[in-house]
Amino acid sequence: MSITENVIRIRAEIEKAALAAGRDPKEIRLCAATKMNDAAAVREAIAAGVDCCGENRVQELTQKLSQNAYAGAEIHFIGHLQTNKVRQVVGKVSLIHSIDSLRLLEAVSKEATRQGICQDILLEINIGNEDSKSGFSPEELPEVLEEASHLSGIFIRGLMAIPPICQNSGDNNKFFQKMYQLSVDIRTKKYDNVCSIALSMGMSTDYREAILYGSTMVRIGTDIFGARNYATSKP
Ligand SMILES: *Cc1c(COP(=O)(O)O)cnc(C)c1O
């Protein structure tokens, strides 16, 4: 299967899942998780109609930007971001999905303010409460939102989660449901600097279920580009 065929198939699956959930398929954006795929692959995915490209590593982002690989699509940052690298990301991407600590939130705010811009971000929630993952706990979210309302240069557009790796389809539904509930909770309260709540959740193995539980952005790598080859590990 080519990248183009994969994108067309996934679009159809997204539409099917949305309609099954009684949702408008247009509410759901397809983000290609482009890590370890080269500029040519990225261009093919964009030509096939993905809405945005999500990059994980600053080095790959910088390289593909210099190759003009993302022309025609929005660029998002979806990987763990170190505070000492915010300068290479803020202002270069339209959305950072992976704000996972107050320290990072403040660093992004500071850099965006320095640039005189407003950076759209999502707050990453460690929804499975896993030691191996970063992100805010659902319990600390109100405090983080309160804190964020005093920061300049950022707009919180919603929440993102990477639930635990699951064996069976449906295993993560409880986490997707929790994320949906969090987004509803936020919407009912009113915070400054918080806009309409996007939900970035669902990857190759579970995006259909994520859509049933309200996902507005699925991040898909393997199903678009094929399995990543970690052995050679070249971008
Ligand atoms: C790699 C990655 C994805 C896509 O994962 P697949 O299982 O290949 O679809 C989604 N989100 C993030 C944050 C990723 O790093």
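**Notes on the ligand site and the pockets**

1. Start with Ser204: an N or O atom in its side chain is 2.5 Å from an oxygen atom of the ligand. That is a polar contact (a pair of N or O atoms within 3.5 Å). Bear in mind that this is a predicted model, where local features need pLDDT of at least 70, side-chain atom pairs count only at pLDDT 80 or more, and totals for chains, interfaces and linings use all residues. Residues are numbered from 1 along each chain as its sequence is written, and side-chain values use heavy atoms, with hydrogens and water left out.

2. Lys35 has a polar side-chain atom 2.7 Å from an oxygen atom of the ligand, and for Arg228 an N or O atom of the side chain is 2.8 Å from one. The protein covers 89% of the 390 Å² of accessible area that the ligand has on its own (Shrake-Rupley method, 1.4 Å probe).

3. Who else is around the ligand? The shell (a heavy atom within 4 Å) also includes Ala33, Asn56, Ile78, Ile162, Met203, Arg219, Ile220, Gly221 and Thr222. By class, the shell has five nonpolar, four polar and three charged residues; Gly counts as polar here, and Asp, Glu, Lys and Arg as charged.

4. The ligand sits in the largest pocket, meaning more than half of its atoms lie within 2 Å of the pocket's grid points. A pocket is an open set of points on a 1 Å grid over the protein atoms alone, where a 1.4 Å probe fits, with protein on both sides within 12 Å along at least five of seven lines; lining residues have an atom within 4 Å of a point.

5. That largest pocket has a volume of about 680 Å³ (the space filled by probe spheres set on the points). Of its 29 lining residues, Lys35, Asn56, Ile162, Met203 and Arg219 are the closest to the centre. The lining has ten nonpolar, eleven polar and eight charged residues.

6. The second largest pocket comes to about 180 Å³. Its 13 lining residues include Arg29, Leu95, Arg157, Ala198 and Met217, the closest to its centre. Strand S7 gives the largest share, three residues.

Note on methods: A polar contact is a pair of N or O atoms within 3.5 Å; within protein, one must be able to donate a hydrogen and the other to accept it, and residues adjacent in sequence count only if both atoms are side-chain atoms. Helices (H or I, at least four residues) and strands (E, at least two) are DSSP runs, numbered from the N terminus.
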